[in-house]
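This report goes through a structure part by part. Have the sequence and the 3D view open while reading.

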Amino acid sequence: MTVLVSERLTIAVEGDVPVVRRRARELAQAAHFDAFASAAITTAASELSRNALVHGGGGYAVVEHVSDGLREGLRLVFVDEGPGILDIDRALRGGYSTGRSLGLGLSGSRRLVDEFHVETSLGKGTRVEVVKWARFRR
Amino acid sequence: MTPTIPILRVRGHLLVSVQGELGDDVVEQFQNDVLSAIERDRGRDGGLLVDISGLEVVDTYVARVLADTAAMARLMGRHTVVCGMRPEVAATLVQMGYMLDGVETALDVDDGLDRLGLPR
Ligand SMILES: Nc1ncnc2c1ncn2[C@@H]1O[C@H](COP(=O)(O)OP(=O)(O)OP(=O)(O)O)[C@@H](O)[C@H]1O
Ligand SMILES: [Mg+2]
């Protein structure tokens, strides 16, 4: 996988979430995502950066425009050093929230992307990596 | 530097058009503005139309704010309709399993005004 653009963005305050979202959207356009794929990855970026902020106490995101030689795509990584996800199986199934929420952010993001990896360790933090590819053109 | 979202009165109905994005930093103000506009409009029985055709991204947070605002407006006695959701936004929300249950939706502003009973 070739990395064409890579940026690290801090997630520390509420205003940082829209910044990550906007950057993801711009890179999706650069990678020739259609409107549906772009909305999907931008929404996932929003959900995962908010999780890092709200549940993880803040951290950072790495947003990348990548290529595998055939396709262009986006790789987004979200890292925090928060408490970790208590029950990762339940959190991934959806409908589970330790807040007052519906608990659809994590499970929903997983359905919006092509590749999804979570590493979480209690008391140490959480790292979520997602990749989405642009559909073939021509 | 908080942008305010204009709230228009169109023949007795309130019309809000959200453009660009509903940032995390403005949602609370958006909700308050809409509710105080309803309060100021006391005595009228028009509805509330929220046009989201300008929203390119609706995540679960924004969706919840829209649903909550609609529910609050309804509690204040306003017929509330959310209109203009873009196809890619609808697709994304459904994929995530977020159906905006309980929110009345319409295709566009025309369709929304029909729902509020405004004659064409
Ligand atoms: N980065 C994180 N660090 C610690 N816990 C997390 C993290 N991300 C998610 N979680 C846990 O997983 C649960 C589910 O996350 P998910 O995003 O699906 O729901 P939510 O954030 O509670 O609500 P929403 O539907 O608004 O996103 C959270 O309630 C939280 O307990
Ligand atoms: Mg969440």
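## The ligand

An oxygen atom of ligand 1 lies 2.5 Å from an N or O atom in the side chain of Ser101(A). Backbone atoms take part as well: a ligand oxygen is 3.1 Å from a polar backbone atom of Gly103(A), and a ligand oxygen is 3.2 Å from a polar backbone atom of Gly105(A). The protein covers 93% of the 590 Å² of accessible area that ligand 1 has on its own (areas come from the Shrake-Rupley method with a 1.4 Å probe).

Where does ligand 1 lie? Ligand 1 is found between chains A and B. It is surrounded by 19 residues, counted when one of their heavy atoms lies within 4 Å of the molecule. The closest are Asn51(A), His55(A), Ser97(A), Thr98(A) and Ser101(A).

## How the model is described

This is a predicted model, in which local features need pLDDT of at least 70 and side-chain atom pairs count only at pLDDT 80 or more, while totals for chains, interfaces and linings use all residues. Residues are numbered from 1 along each chain as its sequence is written, chains are lettered from A and ligands numbered from 1 in the order in which they are written, and side-chain values use heavy atoms, with hydrogens and water left out.

## Where the chains meet

The contact (heavy atoms within 4.5 Å) takes 23 residues from chain A and 20 residues from chain B. About 1,900 Å² is buried between the two chains, and carbon and sulfur atoms give 52% of this area. Buried area is the accessible area (1.4 Å probe) that two parts lose on being put together, summed over both. Arg21(A), Phe36(A) and Arg50(A) supply 24% of the area that chain A buries against chain B, more than any other three residues.

## The sheet of chain A

Chain A has an open sheet of five strands in the order β1-β2-β3-β5-β4, with antiparallel pairing. Strands are DSSP runs (E, at least two residues), numbered from the N terminus, and two of them pair if DSSP finds at least two bridges between them. Strands β1 (2-11) and β4 (115-121) of chain A are at the edges with a single partner strand each, so one side of each has no neighbour in the sheet.

Nine bridges join β1(A) to β2 (residues 59-67) of chain A in the antiparallel sense. Within this pair, Leu9(A) stands opposite Ala61(A).

## The sheet of chain B

Chain B also has an open sheet of five strands, in the order β1-β2-β3-β4-β5, with mixed pairing. Strand β4 (residues 80-83) of chain B and β5(B) run parallel and are joined by two bridges. Cys83(B) stands opposite Ala106(B) in β5(B).

Definitions and conventions
Helix = DSSP H or I, 4+ residues; strand = E, 2+ residues; numbered from the N terminus. Polar contact = N/O pair within 3.5 Å; in protein donor to acceptor, adjacent residues only side chain to side chain.
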